[in-house]
Amino acid sequence: MSSQVETVPVEQLPGWLTLLRAPNAGPMTLDGTNTWVLRAPGSPDAVVIDPGPDDAGHLASIAEHQPLAAILITHGHHDHVEGAETLSRMLGGVPILAADPKHGDALPERARMAGLEVEVIPTPGHTADSVCFSVTDGQAPAIFTGDTILGRGTTVVAWPDGDLGDYLASLGALRAYKTLMLPGHGPVRSDCGELAAAYLTHREQRLAQVRAAMAGGADTPEAIVDVVYPDVDPSVRFAAEWSARAQLEYLRRESQAAPEQLDPL
């Protein structure tokens, strides 16, 4: 997917924000997991979003920003949450806050942390527990999107934990956030809302391609990938098949719901 939304150089980030990129680059993680450290000027403590993998060097670089008031999690994939418990222990039991209770304590809907106003936005779809964080110091708002919207490329919807219907609804909600976007992977982007709209357009185009493939006889994730994603890199074909499963399930539900939506004669 291409987009005209401009990237933002790291040196132009708000002064309350630091990027620490984990050393886990790969086909699914792009340049590595983006770990974000937030601290308003004058705040006695910081918070961290997505500590990333359980990598000693990376966690040590996060710990240099202590004291931490909390560790926030956008979703439970290991490349975002694996290092959270280790980091918490390193820092004497810093609380881990996540939407899924198996990864931490409950996230508040709104809170003041590290001198900043933090709002939790439920954005299921990539995973069932995905959230975004809208953060402001009163002057420079930003939204942290985890894997719901990436800085480059598109997001996998890994059915059954991921759900395409939920994902489309989450993208629709994020169109309202016309502000700086800090993703879980890839570069910073200038306008979350504009990129969310581009993602929606891309998903609609993909669904049209899948419908056409199904009309031509493709009825399995493998067959859909052969037709719709013919040039997919073999190293990430499994991810394309995850998305194809999500697309097929979405269209199956759509076809079942359609007769119920007809006006009675």
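1. Two strands count as paired if DSSP finds at least two bridges between them. Helices (H or I, at least four residues) and strands (E, at least two) are DSSP runs, numbered from the N terminus. Keep both in mind for Ala 98, which stands opposite Ala 106 in S6.

2. A quick word on what you're looking at. This is a predicted model, where local features need pLDDT of at least 70 and side-chain atom pairs count only at pLDDT 80 or more, while totals for chains, interfaces and linings use all residues. Residues are numbered from 1 along each chain as its sequence is written, and side-chain values use heavy atoms, with hydrogens and water left out.

3. Now the sheet. Six strands form an open sheet with mixed pairing, in the order S1-S2-S3-S4-S5-S6. S1 and strand S6 (105-106) are the edge strands, each pairing on one side only. Strand S5 (residues 96-98) and S6 run parallel, joined by two bridges. In general, strands of a sheet pair through backbone hydrogen bonds, either parallel or antiparallel.

4. Which peptide bonds are cis? One goes from Gln 66 to Pro 67, with omega near 5 degrees. Pro 67 sits in the loop between helix H1 (56-63) and strand S4 (68-72). Another goes from Trp 159 to Pro 160, with omega near 10 degrees. You'll find Pro 160 in the loop between strand S10 (142-146) and helix H4 (164-174).

5. Have a look at Leu 30 too: its phi is positive, about 55 degrees, although it is not a glycine. Leu 30 belongs to the loop between strand S1 (17-21) and strand S2 (34-38). Is Leu 30 buried or exposed? Leu 30 counts as buried because its relative accessibility is 19%, and buried means under 20% relative accessible area, exposed over 50%, partly exposed in between (1.4 Å probe, protein chains only).

6. Ala 114 also isn't a glycine, yet has a positive phi of about 55 degrees. Ala 114 is in the loop between strand S7 (110-113) and strand S8 (116-122). With 4% relative accessibility, Ala 114 counts as buried.

7. On the record side, an unreviewed UniProt entry places the feature "domain: Metallo-beta-lactamase" at residues 32-185. UniProt positions follow the numbering used here, feature names are shortened, and annotations may be inferred rather than shown by experiment. Across residues 32-185 the chain is 19% helix and 29% strand, and the end C-alpha atoms are 6 Å apart.

8. Last stop: Phe 238, in helix H7 (residues 237-257). Phe 238 is partly exposed, at 36% relative accessible area.
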